[in-house]
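Biologist: I would like to learn how a model such as this should be read, one feature at a time. Could you take me through it?

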Amino acid sequence: MNAKGFSRIAVIGAGSWGTALGNLLAENEEKVDLWVREVEVFQEIKTQGVNKTFLPDVKLSSALNPVTSLKEALFEKELVVLAVPSHVFREVISDLRPYLHSEICLMAATKGIENESLMLMSEVTEDVLGAEFKPEFGSLSGPSFASEVSRKLPAAVTIASHDLVYAERLQRVFNRDFFRVYVSDDLLGVQLGGAMKNVIAIAAGICDGLGFGYNARAALITRGLAEITRLGVSIGCNAHTFAGLAGLGDLVLTCTSGLSRNRTVGYRIGKGENLEEITGGMKMIAEGVRTTKSAYQLGIRKEVAMPITTEMYRILYEKKKPKEAVRDLMMRDLKVELEH
């Protein structure tokens, strides 16, 4: 075990974010195993030291070791970082189960809400592993594009766990002079903020695609944060979490940047393109499309008013015209802004 509290680390998932986190960790370790699903990505990293498919133009550390076997990836590991899309998270945890041991620690860097169960990733993990096996679990979220982190541009994120001592162990592992890590004990809130901001980012992209201007975008971000907070409080989260990096911070980033896949999807919808054509041509997943469905259903289950999410669901899944959705949002019954 090194001075930071862990040795023998594996990262599961070699998309842009998994590769960036694996590379960040590898620069301070003798070796970090990176589990890669795609054969061509494995070959790129193994032979060229670059993930051309998901993180081009970034030379990876020689200590980042690509593997294609989950058994090999988890062999004698102390910390496993999960960086796979939310819709395959349950499958991957199930596949990992035979190789997990009682002392292993887990951290998720996945942002989403599972469609079928409406669970966050920590809840999916508990559901798969069962009551007899409860590893330490943390979640990393916040405004952090993989391309910028991999280039060592300054960023700040939050790592949450029910056990604040464990969150602080992870904090020491990930913190760098360009990557500042805060901790939280609001595990559900940090995960929900990271998932829900993608829904609002698609809406922001639609507004920009329609040419509605900065006023509309600012209003959307603010009211989007209000409904994220309402939903969070309904499932037991701390309302203050959503004013932090995993809430407002990530929301501002994804709603305003051209690097955001979710905002890009919305922008192209606003310009009149078809959702199936947009997502079918994307190499990397825009989590907000699936999360919109989960969030809409969760809001109904919890009886929480979520007008923006509702209209996004109708645009994405019921083919409602974006301009009609905006009109219906603007013409809702008048309200008091701040609820007590």
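Biologist: Is helix α8 mostly covered or mostly uncovered, and how many of its residues are buried?

Modeller: Buried here means under 20% relative accessible area, with exposed over 50% and partly exposed in between (1.4 Å probe, protein chains only). By that criterion α8 is mostly covered, since 23 of its 23 residues are buried. Please keep in mind that this is a predicted model, in which local features need pLDDT of at least 70 and side-chain atom pairs count only at pLDDT 80 or more, while totals for chains, interfaces and linings use all residues. Residues are numbered from 1 along each chain as its sequence is written, and side-chain values use heavy atoms, with hydrogens and water left out.

Biologist: What span should the 23 residues of α8 have?

Modeller: The expected span is 1.5 Å times one less than the number of residues. For α8, residues 187-209, that rule gives 33 Å, and the end C-alpha atoms are 34 Å apart, which agrees. After the helix comes Gly211, whose phi is positive, near 75°.

Biologist: Which radius of gyration would a compact globule with 340 residues have?

Modeller: The rule, taken over C-alpha atoms, is 2.2 Å times the number of residues to the power 0.38. It gives a value near 20 Å, and the chain has 20 Å, which agrees. Along its principal axes the C-alpha trace spans about 60 × 40 × 35 Å.

Biologist: What share of the 340 residues in the chain is buried?

Modeller: Buried residues make up 56% of them.

Technical notes: Helix = DSSP H or I, 4+ residues; strand = E, 2+ residues; numbered from the N terminus.
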